[in-house]
Amino acid sequence: MAERKSKAWYDRMLSVDRRWIYLIMGLAVVVPVIWEMYIPVTESSEVRDVYEFSDDVTDGEIVLLAIDYDPSTMAELHPMTEAILRQVWRNGGRVLLSSLSQFGPAMADEILTRIAGEMDVEYGVDYVFLGYKPYPAITILAMGADFRVPFPTDYYGNNVDELPMMEGVHNFDDVEGVIALASGTAADYWITYGNAKYGVPVALGVTGVMASDYYPYLQSGQLFGLIPGIKGAAEYEQMAGIRGEGARGIPYQTTSHAVILFFIVMTNVAFFARRAAQRRR
Amino acid sequence: MEGATTGELFWGGIAALVTLAIFSFLYKDNPVFKVVERIWVGVTTGYWTMLLYHTSFTDKVITPIFERGQYFYLFPVILGILMWFRLSKTYGFLARYSLAFYIGISTGIFIPLTIKTAILYQLHGTIRPIEPTWTGLMFALAFIGIICSLSYFFFSKEHKGLLGVSSKIGIYTLMIGFGTGFGLTVMGRVALLGQRVSFLHDYIASLLGALF
């Protein structure tokens, strides 16, 4: 009977079944969710700029909140939407909402209905949801002329002219700025067509995957603020004094990153250990 | 899902089962995953089609032309119909008129604004007076990083001497950028998993709360 040759520890480490990694990652996420820990986050200037802008939207002033994401990225962007809505409404500001993502409107309607009910704000007076229109570039260009061009009616089929909040509100000149929560190219369209064409101040809330692409626009002043991913959402919630899904996400981000770092370090150590062993032979 | 109704618990249960079915792919490909995957494709296609009908066709064709009598909307409708002539061998050339109109308008608007956004404003943001502040130092570092990164892609001269040093700094700058992108991507992907786990946790809690 042939004796089974035992593998060295570095060989076992480098050929570990991916399903073990999935299991450990799963545990690194599940345990903090069940445990419900809270970890404070370091606040960054780019998120603070968006927070301070929203905090200045008071006494009937209007901010345009663009819900340009879909359910596949709601994990990162929904907490931002919720925190911004709560903050602006708490200060007496008003919110005009639109969506350039085809799967965004129903999701936006759900969060609006829920938070508006909790904060006792009135549709048509404190907020208006214009709904969705395809072709982002054309829609933003048309919004710069008049919101009524792409959106003659709102999401619920009401004539926009019959809504009290829309009285005297025609284009980007009538809003304090745009906060676009985007999971795709809509972010570029807001920079190119909203900011460069019409000069409206634009801030972005983006997914973690996208964040590094948009920092150059922050440095050039084309964006006045940036909320990057779930960490940005947690920072915003912390500034606004809200304990939401962003804050809930930080513990499992911490544990899962620790697991990933552990595997990166260990596999590198194993790689160099195997190479050293091969050289010795 | 605190104080959820029976309907919310039912639909929440469907969502929970579908989530678990999708996660089953992590073990291996299986029929349950395939069924749910196809349901997802079907539902999203159907939803999007009807959404486009209601937000584009109704708003831009039916309402303005048939209800308000704004007949100039017939012009884009005709251009849209011409696009379908691509399917005809005889009259396929007609589709080019629509495409020419569309490409002409798009490039006319897009090119100047993109040059302004992606080149001129970015140049202005990169080249600025260096102030003796922390922000000024950051700008200076970014500027050095950009110049060195660009020098890495200069292949007309061998990377030796000053060019060798700058391209070395450039590759480290690029690696820092890729590392940042990787870290942020991991954060995004973990957030997607975490949100689903949170949903399952909340659903099970509300289900147990309703049952007991």
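Buried means under 20% relative accessible area, exposed over 50%, and partly exposed in between (1.4 Å probe, protein chains only). This is a predicted model: local features need pLDDT of at least 70, side-chain atom pairs count only at pLDDT 80 or more, and totals for chains, interfaces and linings use all residues. Residues are numbered from 1 along each chain as its sequence is written, chains are lettered from A and ligands numbered from 1 in the order in which they are written, and side-chain values use heavy atoms, with hydrogens and water left out.

**Stop 1: salt bridges**

The term means a side-chain nitrogen of Lys or Arg within 4 Å of a carboxyl oxygen of Asp or Glu. A:Arg48 is also partly exposed, at 30% relative accessibility.

Next, select A:Arg114 and A:Glu82. Their side chains form a salt bridge of 3.4 Å, N to O. A:Arg114 sits in helix 5 (residues 104–119) of chain A and A:Glu82 in helix 4 (residues 74–90) of chain A, so the pair ties together parts 32 residues apart in sequence. Helices (H or I, at least four residues) and strands (E, at least two) are DSSP runs, numbered from the N terminus.

Move to chain B. B:Asp29 and B:Lys34 meet in a salt bridge through their side chains (2.8 Å, N to O). Back in chain A, salt bridges with shared partners join A:Glu82, A:Arg86, A:Glu110, A:Arg114 and A:Glu118 into one network. How many salt bridges are there over all chains? The count is 17.

**Stop 2: two strands**

Select strand 5 (residues 202–206) and strand 6 of chain A. They pair in the parallel sense over four bridges. Pairing takes at least two DSSP bridges between the strands. Find A:Gly205: opposite stands A:Ile227 in strand 6 of chain A.

Are its residues buried or exposed? A:Gly225 and A:Ile227 on one side, and A:Leu226 and A:Pro228 on the other, are all buried. In a regular strand the side chains alternate between the two faces of the sheet.

**Stop 3: across the chains**

Finish at B:Asp59, in helix 2 (residues 31–67) of chain B. B:Asp59 is buried, with a relative accessible area of 17%. Leaving aside neighbours within four places in sequence, B:Asp59 is in contact (heavy atoms within 4.5 Å) with A:Lys133, A:Thr153, B:His54 and B:Pro64.
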